Amino acid sequence: MTSSDRSQAVDVNRTYEVRTYGCQMNVHDSERLSGLLEDAGYVRAPKDADGDADVVVFNTCAVRENADNRLYGNLGRLAPMKTKRPGMQIAVGGCLAQKDRDTIVKKAPWVDVVFGTHNIGKLPVLLERARVQEEAQVEIAESLEAFPSTLPTRRESAYAAWVSISVGCNNTCTFCIVPALRGKEKDRRSGDILAEIEALVGEGVSEITLLGQNVNAYGSDIGDREAFSKLLRACGRIEGLERVRFTSPHPRDFTDDVIAAMAETPNVMPQLHMPLQSGSDPILKAMRRSYRQDRFLGIIEKVRAAMPDAAISTDIIVGFPGETEEDFEQTMHVVREARFSGAFTFQYSKRPGTPAATMEGQIPKEVVQSRYERLAALQEEISWEENKRQIGGTLELMVAEGEGRKDGATHRLSGRAPDNRLVHFTKPDAEVRPGDVVTVEITYAAPHHLLAEGAVLNVRRTRAGDAWEKRNAEAAAKPAGVMLGLPKIGAPAPLPVAAGSGCGCD
């Protein structure tokens, strides 16, 4: 069926809403789902639709213990809405759908479509089949049908973009169910990746984030251990590409050639998200993490030697089964030594289907909570101290959209520094658009952000800002329901403390 055929098959007024849970991979998958639906003739519902759309799609995550409760609670709230709206359809995809399959329709029989992580391209066909046959369609593929990059995409940003370089994961961490749901690692051809980036830059994008479940293992599927560093260097040769980031790497695969490529490639940003998970060697062994404390701190030391100003963030799990007070103190030691700019900190929760869920030595909730609070307080102190070091310095910011929730009230704008720190700055008299670049002097530091309260030192209008302006003008000229507004976009910054965010599986 051609794109025009699909458009004719769907009422032009049928709207859709995609709700996303989980990691950056899910966020990017949702861009694909939106692109597929718009390619099939649907139009995006207003941001405040809250389920009042003809098609509501849940793109789910399965790595948290209460992920299914959250899904079924949301599905339950939509049930009466669907009863009142004949023709409304509900679809569930993503990791939880891959895991639970027929269970979803049994628990929520008003769901029309269930699809998995490997066949997101089937969503429009499954919706149409469910409508015609008037029965739920459950289709879960066991392996990847087509690399997601081949699918239509509704990019949420005009100036920053995700680019998948691989899918799946070959690790066997005992706390993580992702490899079972996403499958073994499969790498894209580097030529296809670079072609996508060049096309994005041609459209005005100036920042890209390379995505992979274990991004720096790129090349294992094609037998080239230096493929990732070569890819970073190739990104440096793309004219007009100002910023390159990647997430999330694994310490096991973080080699010296990657550090050298980061340090020697000007548009690769001095930012690294390196998941620690635990600082205790016995716990790392129980997690099946293939590195130990000395190896992790050695990587941090090498990165800092090559890039002294690099901001390094991490993921940490508190209360893994069997964790003693001594184990936890080893984690605190690594945090003090590494001086992370920020950390996603998680209280361990059982992931059904993982080895850790049935391990002996599950830690009482009150003990986990106490350790979590101590870790959060330490990281908050370090983040604040590291941010204070920025006071008096000048930073070049890429202006962001939706990053500063109080910007309207404070007459400020917000942007990201090269190391991904969030900076709120005084709005200049000159027009500044998301994607443009400003130079500011830092005057104040908080644990989670910086302020530049003086006048902006310089404004550089960019092709990315032009692209944002053009996109918004086109959106305003279209009928209601199409491309209404742009949600928070760009490369996500790790929060200093975040319970329940992201997969925590790298």
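User: In this predicted model, which residue lies over the face of W384?
Analyst: A charge counts as sitting over a ring if NZ of Lys or CZ of Arg is within 6 Å of the ring centre and within 35 degrees of the ring normal. Over the face of W384, at 4.5 Å from the ring centre, lies K388.

User: How many aromatic pairs are there, and is the pair of F296 and F340 stacked or edge-to-face?
Analyst: The count of aromatic pairs comes to 4. For F296 and F340, the centres are 6.2 Å apart and the planes make an angle of 65 degrees; since planes over 60 degrees apart fall in that class, the pair is edge-to-face.

User: How many residues apart are F296 and F340, whose pair links distant parts of the chain?
Analyst: F296 belongs to helix α12 (residues 293-306), whereas F340 sits in the loop between α13 (325-338) and β14 (342-347). Both F296 and F340 are buried. Ring pairs also join F296 and F340 with Y291 into a cluster.

User: What is the mean pLDDT of the protein?
Analyst: Confidence is under 50 in pLDDT over residues 1-9, for which the model has 8 contacts beyond four places in sequence, and also over residues 480-502, for which it has 75 such contacts. Across the protein, 90% of residues reach 70 or more, and the mean pLDDT is 87.

Definitions and conventions:
Residues numbered from 1 in each chain as written. Predicted model: local features only at pLDDT ≥ 70, side-chain atom pairs only at ≥ 80, totals over all residues. Heavy atoms only, no water. pLDDT = per-residue confidence, 0-100. Contact = heavy atoms within 4.5 Å. Phe/Tyr/Trp six-rings, centres within 6.5 Å; stacked < 30°, edge-to-face > 60°. Helix = DSSP H or I, 4+ residues; strand = E, 2+ residues; numbered from the N terminus. Buried < 20%, exposed > 50% of the residue type's maximum accessible area, 1.4 Å probe, protein only.
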